[in-house]
Amino acid sequence: MLPKFKYISLLITLTAVIAVAAVLGYLFLKPRNTIEVRKGEINNVEVMVRLCTVEIYNEVPILDTIHDKVIFAIQKQRGQISFDMEHLQLDDTGDTVRIILPPEIVELYESTDDNSWEVIDTKSIGPLSMFRSDRMTLDDENAVKDRIKAKSIRYLYRNGTIERARKEGASDMELLMQQIYRKPVKVTDPTPKGTFPG
């Protein structure tokens, strides 16, 4: 009886050793993934609380020259005019809260809609134009887009859009701050036509 018991015990032990060896062999010999997981890091966190007063949508016709080539295109733009609420100049010591309206933040980008950048035509110009391709490089197109963005922002200042946004911003800020402070609020705008960065 004892030898049979030893035989079963030896068989169970041998089976367990083989199973453990198979699992370890699978874990150590399987192909390694190239994905590495590390602890996440945040280098810089900037929280901006903004009051948005105007949403912008433009379709801009473009006629421009760059590197002896002329381009005619249409760009759709989206953006907004907002005000930084986090760093307000605010005085709440008296019976009226006094606020100075901060400079506007003008953000204008090429739209993500379909056909937001449509090149109608490009043409090489100048005395050697017949020897050059009419096609523009991506760098040339991006340079044109940068100039169009700057022109479009200047136009927002000239056509009164920024001035309107500042008026609406002052009014909206008064209403918002009255809800927060539960007393009268006076917003002063030192630059009603805006603070154009150029």
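**Surface patch and salt bridges**

Modeller: Leu63, Phe72 and Ile120 together form a nonpolar surface patch with about 300 Å² of accessible area. Patches take residues with over 30% relative accessible area and no salt bridge, joining like charges within 9 Å and nonpolar side chains (Val, Leu, Ile, Met, Phe, Trp, Tyr) within 5 Å; areas come from the Shrake-Rupley method with a 1.4 Å probe, and for residues only the protein chains shown count as cover. This is a predicted model, in which local features need pLDDT of at least 70 and side-chain atom pairs count only at pLDDT 80 or more, while totals for chains, interfaces and linings use all residues. Residues are numbered from 1 along each chain as its sequence is written, and side-chain values use heavy atoms, leaving out hydrogens and water.

Biologist: How many salt bridges are there by this rule?

Modeller: A salt bridge is a side-chain nitrogen of Lys or Arg within 4 Å of a carboxyl oxygen of Asp or Glu, and the count by this rule is eight. In one of them, Glu104 meets Arg166 at 2.7 Å, N to O.

Biologist: Is Arg166 buried or exposed?

Modeller: Buried means under 20% relative accessible area, exposed over 50%, and partly exposed in between (1.4 Å probe, protein chains only). Arg166 is buried because its relative accessible area is 1%, and Glu104 is likewise buried, at 8%. Salt bridges with shared partners join Glu104, Arg166 and Asp189 into one network.

Biologist: Which residue forms a salt bridge with Asp64?

Modeller: Arg147 does, with the closest N and O atoms 3.0 Å apart.
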